[in-house]
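Dear colleague,

I am passing on the structure below, together with some notes on what turned up when I went through its side-chain packing. Please read them with the model open.

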Amino acid sequence: MRVVSLVPSLTEAIAVSGPGLLVGATDWCSHPPGLDVVRVKGTKNPDVARVVELAPDLVVANEEENRPADLAALGAAGLDVLVTEVRTLPQAFTELERVLVEGCKLARPDWLDAAERAWAGVRPGAEHRAVVPIWRRPWMVLGRDTFAGDLLARLGVRNVYADHAERYPRIGIDELNAAGADLVVLPDEPYRFTPDDGPEAFPELPAALVDGRQLTWYGPSLAEAPALLGAALRAGA
């Protein structure tokens, strides 16, 4: 098969599970390192014409990361486009199997079984109420119905804005500091929060700096994510 992936998480999952299947991926597809495929620009602005030129048997996409207009254009060009929805951990496992087994005609990979076992064995740590920024200038945080929020909840971290009307609301920094949290969780993507860029905005809260790939990617990293995220949360709290 010839596959083009417009989602970094799915790019890694396919590349690891079926080396040689991918012929194209976005500029943001950074894993696995050294992936040698045609780059088709970004997740929000893919080069539709270039994707069509690659003549893939399958294009994999995601309803959140990719724009409906681009996916419709690919479909109108006669391409088979598999669109995933991943807002919870169980959805991630289901959609990964759909992409890899049904879409790419691969055997179910061992790493997917390992990831399911790893999360099945998770026992929440100390309970925390947290704000989880994903951007600054302006400040944006995790809101309702997000994959990252579901992972954190399974580790004992309750998102203060989990019931917000928006999935990624813009909230002023003063309101964030007054939201009743006892922890701020700062991932290094999509915004790259660091020890020197982020914690200072929350002077009264302990800060847990976490690997954004472990928190937001659904792929092989899921097998190690519970241990790594748990360790980072304990270190920050």
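Leaving aside neighbours within four places in sequence, Arg-136 is in contact (heavy atoms within 4.5 Å) with Tyr-191, Phe-193, Asp-197, Gly-198, Glu-200 and Ala-201. This is a predicted model, in which local features need pLDDT of at least 70 and side-chain atom pairs count only at pLDDT 80 or more, whereas totals for chains, interfaces and linings use all residues. Residues are numbered from 1 along each chain as its sequence is written, and side-chain values use heavy atoms, with hydrogens and water left out.

Arg-136 lies in the loop between S7 and S8, strands being DSSP runs of E of at least two residues and helices runs of H or I of at least four, both numbered from the N terminus. Arg-136 is buried, with a relative accessible area of 12%; buried means under 20%, exposed over 50% and partly exposed in between, with a 1.4 Å probe and protein chains only. The side chain of Arg-136 makes a polar contact with that of Glu-200 at 2.9 Å (a pair of N or O atoms within 3.5 Å, where within protein one must be able to donate a hydrogen and the other to accept it, and residues adjacent in sequence count only if both atoms are side-chain atoms).

Across the whole structure, a search finds 5 aromatic pairs (ring centres of Phe, Tyr and Trp, the last by its six-membered ring, within 6.5 Å; planes under 30 degrees apart are stacked, over 60 edge-to-face, the rest tilted). The rings of Trp-135 and Tyr-191 have centres 5.5 Å apart and planes at 80°, so this pair is edge-to-face. Trp-135 belongs to strand S7 and Tyr-191 to the loop between strands S10 and S11, so the pair ties together parts 56 residues apart in sequence. Trp-135 is partly exposed at 34% relative accessible area, whereas Tyr-191 is buried at 12%. The pair of Trp-139 and Phe-202, with centres 5.4 Å apart and planes at 85°, is also edge-to-face, and Phe-202 is buried at 1% relative accessibility. Trp-135, Trp-139, Tyr-191, Phe-193 and Phe-202 form one aromatic cluster.

Lastly, the nonpolar cores (sets of buried Ala, Val, Leu, Ile, Met, Phe, Trp, Tyr and Cys residues joined through side-chain atoms within 4.5 Å). Of the 50 residues in the largest core, Ile-14, Trp-119, Leu-222 and Leu-233 touch the most other members. A second, separate core of 16 residues includes Trp-139, Tyr-161, Leu-176 and Phe-193.

With best wishes
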